Amino acid sequence: MKDWLHDLWNVLTLSLPVLLMVFGGGTVSDSVYSVLTGEKALGTMAMAILVGLASYFIAAGWIYWIRKSYLPVRTLGRIHHILPRKGLVAFVSPRNFDLNGLHISSRGLSSTLAGNLAQDVLATQVDGKPLVWNWQQLLRAVQPHATTLQEIHLIGSADDNGSHGQLGECAEFLRVYLEDGCRILPCSTSVDFEDIDALADVLHRILKKIKAGRSDYKEIMIDATGGMKTTSIAAAMVTLNNPSLHFQYVPTFGRTGQPIAFNVVAESQPEIEV
């Protein structure tokens, strides 16, 4: 019912200024025609002409104000401050390190994590050498939302060495860092991370499931850190028709590991120059 009323309001908002412009233009033309043909005096029609002109220009201004709704141009907008979300949908990369509880090892280096999110998102050093483990990026993706998350959905890749079979282990790993009330839900089906249509489809299904739990899109974040470039493309595609839905990713180089969020937003056409 709510969606139906929202659609009706959009139709009315777009159609009313057009009707008002038609009314104003028709009133002016009919009034001027009556004066020119001598049917009525100018003084008699002056008020009708003024009302028609006012209606026409008000409608023209109204249409210009909501012009983005008629001819939206989409562009990628960067979100400078990430607000904590209740729902997170994350692509998970295949683990590139050995994991035993909180003990991690990779390429001859090993370390035991603290089990504290603020500490474990920091760069891991062993004897002055960096210990690289890719699920640290997932922890960094979770960090801005850790205290508010009610559910996190994990999506795994479908290839032979994909991450789908590791989602249960990933969920147990994340459980250490999340509140007890947060549900960690591995996706039941694997996805080909090179198939954009399949990625978009699984995102739509998960988002529909979250929204059915009465969560609004503005309370959900898609994380495209894991996987491939195609996962970022799919995330951008899904946000295209949902302005309040954002996606984020954690850059590998050049920053402190803080996620960057984006939204595909409507931008105006070039402004009218006077």
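**A tour of the charged pairs and cysteines**

Select E151 to begin: at 10% relative accessibility, E151 counts as buried (buried means under 20% relative accessible area, exposed over 50%, partly exposed in between, with a 1.4 Å probe and protein chains only). This is a predicted model, in which local features need pLDDT of at least 70 and side-chain atom pairs count only at pLDDT 80 or more, while totals for chains, interfaces and linings use all residues. Residues are numbered from 1 along each chain as its sequence is written, and side-chain values use heavy atoms, with hydrogens and water left out.

The side chains of E151 and R183 form a salt bridge, 3.4 Å from N to O (a side-chain nitrogen of Lys or Arg within 4 Å of a carboxyl oxygen of Asp or Glu). E151 belongs to strand β8 (residues 151-156) and R183 to strand β9, 32 residues apart; strands are DSSP runs of E with at least two residues, helices are runs of H or I with at least four, and both are numbered from the N terminus. R183 is partly exposed, at 46% relative accessibility.

Next, select R95 and E169. Their closest N and O atoms are 3.1 Å apart, in another salt bridge. R95 sits in the loop between β2 and β3 (98-100) and E169 in helix α6 (residues 167-175), so the pair ties together parts that are 74 residues apart in sequence. R95 is partly exposed at 23%, and E169 is partly exposed at 28%.

Move on to E219 and K86, a salt bridge with its closest N and O atoms 3.5 Å apart. E219 is in the loop between α7 and β10 (220-223), and K86 in the loop between β1 (73-79) and β2 (87-92), so this pair ties together parts 133 residues apart in sequence. Both ends are partly exposed: E219 at 21% and K86 at 33%. A search of the whole structure finds 4 salt bridges.

Now turn to the cysteines. Select C170, which is buried at 0% relative accessibility, then C187, buried at 12%. The structure holds 0 disulfides (pairs of cysteine sulfur atoms within 2.5 Å).

For the last stop, select D159, D160, D192, E194, D195 and D197, which gather in a patch of negative charge on the surface. Patches take residues with over 30% relative accessible area and no salt bridge, joining like charges within 9 Å and nonpolar side chains (Val, Leu, Ile, Met, Phe, Trp, Tyr) within 5 Å. Zoom in on E194, in the loop between β9 (183-186) and α7 (196-212). E194 is exposed, with a relative accessible area of 56%.

Methods. Areas by Shrake-Rupley, 256 points an atom, 1.4 Å probe, with all protein chains shown as cover. Lys, Arg positive; Asp, Glu negative; His and termini not counted. Charge placed at Lys NZ, Arg CZ, Asp CG, Glu CD.
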